[in-house]
Amino acid sequence: QNVTRLDNPRNDAGLVAETLGALGFTLIGGRAQLDLDKPAMDIAVQNFGRQVQGADVALFYYAGHGVQVSGANYLVPVSANPTREADADFQMVDVNLVLRQMQAPGTRLNMVILDACRNNPFGARGLRASDGGLAQMRAPEGTLISYATQPGNVALDGSVGDGPDHLAGCRIMHVQCAPGDGRTPFTPDEQSIRHRLQQRLFRRF
C-alpha cells in the first residue's frame with residue numbers, strides 16, 4: 001500500500017502453497033496468505049504457531065519485502081509505513097517471533113524460507129538505518145533458515161515474464177543453511193523435503 005509493489009511474491013507464494021499442499025502439508029487458512037496487513041499477519045503467525053504443535057515438520061515460507069533494522073530481520077506487511085527505526089516493532093513482524101512460534105514440543109524439523117532479501121523500501125522516508133538485505137540469524141536447534149541470497153546481500157524481484165514456477169524453484173534450489181549454527185547444510189529429512197519441492201516446482205517450467 002505504501003511502497004512499490006513487487007511483481008512476483010503473490011505468484012511465488014501461491015505456487016509454493018499449492019506445492020506444499022500437494023506434498024501433504026496443512027496450510028494456514030487452507031491457502032496462501034496474500035497481501036496481509038499487520039493485524040492479519042500477526043494472526044496468521046499466531047495460528048501457524050498453534051497449528052505446528054505436534055507436527056513432524058513445520059515450514060514457513062515468506063515472499064515479499066523484508067528489511068534489516070538494527071541487526072533484526074522484519075517481514076513487511078502491506079500496511080507498513082515506518083519513518084523511524086522504532087516503528088519497526090509496531091508496523092512489521094520480527095522474524096524471531098516466527099521462530100519462537102515454531103519451537104513446539106514434538107516438532108522434528110523446522111524450515112524457514114525467507115524470499116525477502118530486497119532493498120530497504122522505506123529509505124527515502126527516514127528509515128535509513130537498515131542495511132541492505134537480511135541479517136545473518138543463528139538457527140535454533142532443529143531449524144533450517146534459508147535465504148534468497150547470502151545474508152547482507154540483496155536479491156532482485158525479477159520480472160513477471162521470468163515465470164513464478166522458475167523463480168520460486170530457483171530460490172528453493174539455492175537455499176543455504178544459516179551460517180554459524182554448526183550443522184551440515186541439510187539433514188536427510190531436509191534434503192528429502194527440498195528435493196520434493198524442487199521436483200514439483202520445476203515440473204511446470
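Colleague: How many residues of strand 5 (residues 109-115) are buried?
Modeller: Seven of the seven are buried, so strand 5 is largely enclosed by the rest of the structure. Buried means under 20% relative accessible area, exposed over 50% and partly exposed in between, with a 1.4 Å probe and protein chains only. This is a predicted model, in which local features need pLDDT of at least 70 and side-chain atom pairs count only at pLDDT 80 or more, while totals for chains, interfaces and linings use all residues. Residues are numbered from 1 along each chain as its sequence is written, and side-chain values use heavy atoms, with hydrogens and water left out.

Colleague: What is the order of the strands in the open sheet?
Modeller: The order is 1-5-6, with parallel pairing among the three strands. Strand 1 and strand 6 are the edge strands, each pairing on one side only. Two strands pair if DSSP finds at least two bridges between them.

Colleague: How many bridges join strand 1 and strand 5?
Modeller: Seven bridges join strand 5 to strand 1 (residues 57-63). Phe60 has Val112 as its bridge partner, and Ala63 has Asp115. On strand 6 (residues 143-147), strand 5 forms five bridges, and there Met111 is partnered by Leu144.

Colleague: Where does helix 1 lie?
Modeller: Helix 1 lies across strand 1 and strand 5, and runs at about 165 degrees to strand 1. Axes are lines fitted to C-alpha atoms, for helices over the stretch in contact, and angles run from 0 to 180 degrees between N-to-C directions. Asn11 belongs to helix 1 (residues 9-22) and is partly exposed at 32% relative accessible area. From Asn11 to Ala63 the C-alpha distance is 9.4 Å, although they are 52 residues apart in sequence.

Colleague: Another topic: is Asn73 buried or exposed?
Modeller: Asn73 is buried, with a relative accessible area of 2%. Its place is in strand 3 (residues 72-75). Leaving aside neighbours within four places in sequence, Asn73 is in contact (heavy atoms within 4.5 Å) with residues including Val93, Asp94, Leu134 and Met137.

Colleague: What does Gln91 touch, not counting residues up to four places away in sequence?
Modeller: Gln91 touches Lys38, Pro77, Ala80, Asn81 and Pro82. Its side chain reaches the backbone nitrogen of Asn81 at 2.6 Å. Gln91 sits in helix 3 (residues 88-91) and counts as partly exposed at 24% relative accessibility. Ser79 is twelve residues from Gln91 in sequence and 7.6 Å away, C-alpha to C-alpha.

Colleague: What is the mean pLDDT of the protein chain?
Modeller: The mean is 75, and 62% of the residues reach 70 or more. pLDDT is the predictor's confidence in each residue, from 0 to 100.

Colleague: Over which residues is the pLDDT below 50?
Modeller: One such stretch is residues 152-167, which has 44 contacts in the model beyond near neighbours in sequence. Residues 173-184 are also below 50, with 32 such contacts. Where pLDDT is low, the predicted coordinates should not be read in detail.

Notes. Helix = DSSP H or I, 4+ residues; strand = E, 2+ residues; numbered from the N terminus. Polar contact = N/O pair within 3.5 Å; in protein donor to acceptor, adjacent residues only side chain to side chain.
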